Amino acid sequence: MSNRVLDVPALMDVAIGKTQFMRARWHVAREVASTLVVPWCVAAEAARQLDTNGRAELRNALAAPMVVLGSHDFMSAAGCGQLMDRAGGAAGWDAAQVVWEAARRGWPVVTDEAHLDRLLRLDPFMVFERLP
């Protein structure tokens, strides 16, 4: 299965083209019609961190046919709230939404080493791919 949930570092990598890994993951997703879920809090955090050119690339990435924005309904809010409560609120809403989407779908998360600890604080059994 090639479906994935993207965390902030993975989405920013897509926008700025930092690693060959994400370029390859993007190409595979497009070619085999798999889905890349971007939680809306992740999109917001990436947009906050990117410059004007990066935000333009982010806009294009979010419009790609294999990208689905994560839920922003009551079930998502309640699930993320419970995750944050269990973790003492320290992980961040974007991390909570990544973990919630991954658990709900049974898909791995693409993230980097710097963000991994906060995700594992929410779900120590989460399956992930680490960016190089």
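Contact here means that heavy atoms lie within 4.5 Å. Helices (H or I, at least four residues) and strands (E, at least two) are DSSP runs, numbered from the N terminus. The model is predicted, so local features need pLDDT of at least 70 and side-chain atom pairs count only at pLDDT 80 or more, while totals for chains, interfaces and linings use all residues. Residues are numbered from 1 along each chain as its sequence is written, and side-chain values use heavy atoms, with hydrogens and water left out.

Two packed helices are described by the angle between their axes and the distance between the axes. H6 and H7 pack at an angle of about 60°, and their axes are 9 Å apart. Axes are lines fitted to C-alpha atoms, for helices over the stretch in contact, and angles run from 0 to 180 degrees between N-to-C directions. The two helices are therefore oblique to each other; angles under 35 degrees count as roughly parallel, over 145 as roughly antiparallel, 65 to 115 as roughly perpendicular and the rest as oblique. On the H6 side, Asp 94, Ala 95, Ala 96, Val 98 and Val 99 meet Arg 118, Leu 119 and Leu 122 of H7.

Asp 94 and Arg 118 form a salt bridge, with their closest N and O atoms 2.6 Å apart. The pair links distant parts of the chain, Asp 94 being in helix H6 and Arg 118 in helix H7, 24 residues apart. A salt bridge is a side-chain nitrogen of Lys or Arg within 4 Å of a carboxyl oxygen of Asp or Glu. Asp 94 is buried, with a relative accessible area of 11%, and Arg 118 is buried as well, at 14%. Buried means under 20% relative accessible area, exposed over 50%, and partly exposed in between (1.4 Å probe, protein chains only).

Helix H7 spans residues 113-122, and its buried residues are Leu 116, Arg 118, Leu 119 and Leu 122. Their cover includes helices H1 (8-16), H5 (74-86) and H6 (93-105), together with strands E4 (109-111) and E5 (128-130). Not counting residues up to four places away in sequence, Trp 26 touches Val 14, Leu 36, Ala 61, Ala 64, Met 66 and Val 67.

The structure holds eight salt bridges. One of them joins the side chains of Arg 25 and Glu 129 (2.9 Å, N to O). Arg 25 lies in helix H2 (residues 20-31) and Glu 129 in strand E5, so the pair ties together parts that are 104 residues apart in sequence. Arg 25 counts as buried at 13% relative accessibility, as does Glu 129 at 16%. Arg 4 joins Arg 25 and Glu 129 in a network of salt bridges. By contrast, Arg 48, which forms a salt bridge with Glu 45 at 2.7 Å between the closest N and O atoms, is exposed at 59% relative accessibility.
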